[in-house]
Every structure is written in C-alpha cells, then in structure tokens.
Amino acid sequence: MKYISTRGDAPVLAFDDVLLSGLASDGGLYVPEEWPRFSAADIASFGGLPYPELALRVIRPFIGGTLDDGALAGIIDGAYANFDTPEIAPLKEIGKGEWLLELFHGPTLAFKDLAMQFLGPVFDHVLKARGEWVTIVGATSGDTGSAAIEACRDRAAIEIFILHPRGRISDVQRRQMTTVPSANVHNIAIEGTFDDCQDLVKAMFNDKPFRRRWRLGAVNSINWVRIMAQVVYYFWAAVRVGAPKTPVSFAVPTGNFGNVFAGYGARQMGLDVDQLVVGSNRNDILTRFFETGTMSRGEVHPTLSPSMDIQVSSNFERLLFDLEGRDGGRVAEVMAGFGESGQLAIDDKALEAAQTVFYGARFDDEETKETIEAVYQESGELVDPHTAVGIAAARAQRRDSTVSMVALATAHPAKFPEAVKDATGVAPALPERLADLSERQERCEVLANNLKTVQDYVAANAGQGARS
Ligand SMILES: *Cc1c(COP(=O)(O)O)cnc(C)c1O
C-alpha cells in the first residue's frame, strides 16, 4: 500500500513514513493511492468478530508489510484494553431504526480515543524499530489533546506539545490534559481560537528547518492513521444493523471532517452507505458547502459543542481531492486560492457527486439543548451537545425510514455537564476513574498567538522530559 499527497507534489510514501510525517511536504494530506476493497462476503464475515479482531481485518490492508501481523495484532489488543466495556463501541437503539453508537468508552471519554489509543503504540513501535524519536505538536479544540496526551504520555521516544485555545474548552477537557503529570507532556494555552492554534501547528510544520530539527510529528486528524483506525467502527456498527444485506446511514457531528471522512472511507472500501449526514453547530461552513458547493470562511463562534467550533476543516481536503478527480495540481490551486481569499467552489458535477451521499444540517445551541431534552424524554439516554447535534441532523435529513440510521455518540455526557444539566435537569456523573479530576494539580503555559513565541517554547522544552 502506497500513499499519495492530495496536492500531488510530495514523495509517494509507505505506511510507516506516512505515520511519522503527518502533513505532506507539499502542504497536502496523505491518502491511499487506492482504497482496499471488501466484498459482501468479507463484510458478512465481520459480523461475529470482537472489536479488536475486526480492527485487525480492516486495518491490515492499509499497513502494507511495514508491520507484521503479530506486531499489529499485539498493538491493537493493547489499544483497546483500556476501554471500560468489552464491546468497545456499544450500539443502542433509541428510536425506530435509529441507533446510537457509543464511542466514548475510552480513557478520555471521547471518540478520539478509538484512533489515538492505537496511534500512540504504533508510533512507539515504529520509532523504536528505527531508533528514532519524535516531537508531537498538535492543536486541540478540546478532545483531541487529552486523547493524544493519554496515548503518548510516558513514551520514551515521544515529546508532546498540545495547543488549546485559552478559555474556549470545557473545564473537564482542560483538566484532562493539564493534570497529566508526565514529563514528556507540555500543555500550551494560546490567546486565540482553535483555528489560530491549528494555523500555528501548520506553520511549524511548514517551517522545514524547524520541522527537521525537532522531528515534528502530528497526531491531529490530518494524521492518516487516525482516519484509518476510525474506519473500523463504521464497519462494526454496519454489520450490527444488517450490512451487507441492507444499506446503512450515519450521522456525524463534524468539526475537522476526520470522523465523517472515515465513514466515507468505509464506503470507498465497499460498505453500502446510503447517507452520511454532517451535523454542524453555528459554525456551519461544511453544511453550507454540501448545500451550495461553495465554501467561505467566516468567524468562529463559541458554542455548546466546542470540539466543532471550527471554520476550516483540515480533512475536507481529502474529500476535495476525490471531488476534483484526484488531480493534485488542481487541489493545490484551489487550496492556494482558499488560503488567499477564504473562498472555494467546486463545479456542479462535483457537487452532485458529493450530494449523492453527503447531507448537512446545522443547529444552534437552543436546538441542541432541545434535542438533548427530547432524547432524554424518549429513551432515557443522556447525550452530550456534540452527539445531540448529530442526532438532530440525522432526524432532519433521514430520507428513508427503512434504512437504519446510526448516530455517532462522540463524547460522554459528563464531559459537558452544564449543557446536559441545563437541558434535562440531570447532572451526568464522571466515571469513577475520573471522579477526582477537579482536585488534581494543573500544569499549563499561556502563550500569545505568535509563531515565534510558540516555536521558542517548543525548542526550549523539547527533550527536557523523558528523553534527557
Ligand atoms: C473532535 C470531536 C468532534 C469532531 O470530529 P471531527 O473528526 O473533527 O469532525 C465531534 N465531537 C466530539 C465530542 C469531538 O471530540
């Protein structure tokens, strides 16, 4: 298996190099040269497998010989050993043919653990095999950071720096990052928005001498391996609601477009996906795109679902690559134009292609709370605001009531307790292992939204932890 850049001007790489490099050298994102394909018989055979075994089947074709099967199986088993249920991702019916896929049973209570708990040990394994080390820099709008930190803490070959927008993530989210005492973990609160944090990370990667000197690696959703690991639960859910005999639809609360792009990936791999419904909060750049074929960058508005307070969705470029006929030169042009003007457009044919599977819907905070309340009344389930946006989108856009609709529950309700309590009157409790979170000691550096300041901080602190 080889990987190519969406901008067509970076080296073709094997799995281990894609893992370590994050962003491609031409500024693009790596995608598989060709998606592996599963037949209906293959998909049928996924039905009885435990989650780790299914993960092995889905992930193996992407690895292309860089890890042997025994090593891969060991990594996968370890990755899903820290979940609080043996099912890993339980599926619950909350309405007629309407399902909730619970992706919050990992150590940091959000779906990002499903990929990150795999990514951490894969990084470690490949680095050890090569005698190398890496400095992870990442931006988080809330949940990525804690998931990355949990996955990388105390790993000798990894130093990790996570930027978050100061004051714009929930207390639980912040504390899950800043209370980790490991010496190789560095939290930076940026005076700015999540997009500012993401721009800083991108700029560090685009500074080639800096990138080489500190051997930067990424665990943001631009990292291919995260997408790959997320594809697994689309198959997992689909076979539980009738695939491959019947099609299945998914509704996904969307920010950086990584999660729903994995659903698109499952479809490219042979899963019969009828609809992929993209749910947005007020930051609705993506849902507008799927209506109009044009994207226009606006301001970021803080909402009840902060992990979706994003205007520029970095993984969108991976879809754009396909919509533009996999023409890297064309994508490079479109993205350069977008960088300058904040605008991009695809032609009608590409829009039609996108609209055969992608649907969008947006909801403000009031509507989000109404959905939390409605779901609680109907089913007794407490859902977090992100999940609620996905469920609302599923209900608004479901076009065929005979096709199962799986709404992805992306965070545990106790990660966003105020909104849930406001909507339902019930305060969701943190699971036992996090019950004393508010008493733990925090460690965090506040820095200006300035590239040089952040680079100086990384340079001064990289290597002071586990490696020194
Ligand atoms: C990260 C996150 C999202 C958005 O996922 P993307 O892959 O960025 O689209 C949605 N909900 C929660 C709870 C998240 O943590």
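## Aromatic pairs

In this predicted model, in which local features need pLDDT of at least 70, side-chain atom pairs count only at pLDDT 80 or more, and totals for chains, interfaces and linings use all residues, there are 23 aromatic pairs, where rings of Phe, Tyr and Trp (its six-membered ring) pair if their centres lie within 6.5 Å, with planes under 30 degrees apart counted as stacked, over 60 as edge-to-face and the rest as tilted. Residues are numbered from 1 along each chain as its sequence is written, and side-chain values use heavy atoms, with hydrogens and water left out.

Phe 38 and Phe 46 form an edge-to-face pair, because their ring centres are 5.1 Å apart and their planes stand at 85°. Phe 38 has a relative accessible area of 12% and is therefore buried, and Phe 46, at 1% relative accessibility, also counts as buried; here buried means under 20% relative accessible area, exposed over 50%, and partly exposed in between, as found with a 1.4 Å probe on protein chains only. The pair of Phe 257 and Phe 261 is tilted, with 6.5 Å from centre to centre and 45° between the planes, and both Phe 257 and Phe 261 are buried. These two residues also belong to one aromatic cluster, whose members include Tyr 3, Trp 35, Trp 224, Tyr 264 and Phe 358.

## Nonpolar cores

The largest nonpolar core has 117 residues, and those with the most contacts inside it are Tyr 80, Phe 118, Phe 235 and Phe 250; such a core is a set of buried Ala, Val, Leu, Ile, Met, Phe, Trp, Tyr and Cys residues joined through side-chain atoms within 4.5 Å. Its largest share, 14 residues, comes from helix H10 (residues 224-240), where helices (H or I, at least four residues) and strands (E, at least two) are DSSP runs numbered from the N terminus.

Not counting residues up to four places away in sequence, Phe 118 touches several residues, among them Ile 59, Leu 72, Tyr 80, Val 225 and Met 228, and contact means heavy atoms within 4.5 Å. Apart from this core lies another, of 25 residues, including Phe 161, Ile 188, Val 201 and Phe 205.

## The largest pocket

About 490 Å³ of space lies in the largest pocket. A pocket is found on a 1 Å grid over the protein atoms alone, as an open set of points where a 1.4 Å probe fits, with protein on both sides within 12 Å along at least five of seven lines, and lining residues have an atom within 4 Å of a point. Of its 24 lining residues, Asp 199, Lys 202, Arg 297, Val 312 and Met 335 lie nearest the centre.

Helix H8 (194-206), helix H13 (316-323) and helix H14 (328-341) each supply at least two lining residues, and H8 gives the most, with six.

Glu 98 is placed in strand S4 (residues 98-102) and counts as buried because its relative accessibility is 8%. Leaving aside neighbours within four places in sequence, Glu 98 is in contact with Lys 92, Glu 93, Ile 391, Arg 395, Arg 398 and Met 405.

Ser 280 lies in strand S10 (residues 273-280) and, at 2% relative accessibility, likewise counts as buried. With neighbours within four places in sequence again left aside, the contacts of Ser 280 include Thr 287, Met 308, Phe 363 and Val 389.

Methods
Points joined across faces, edges and corners; volume = space filled by probe spheres on them.
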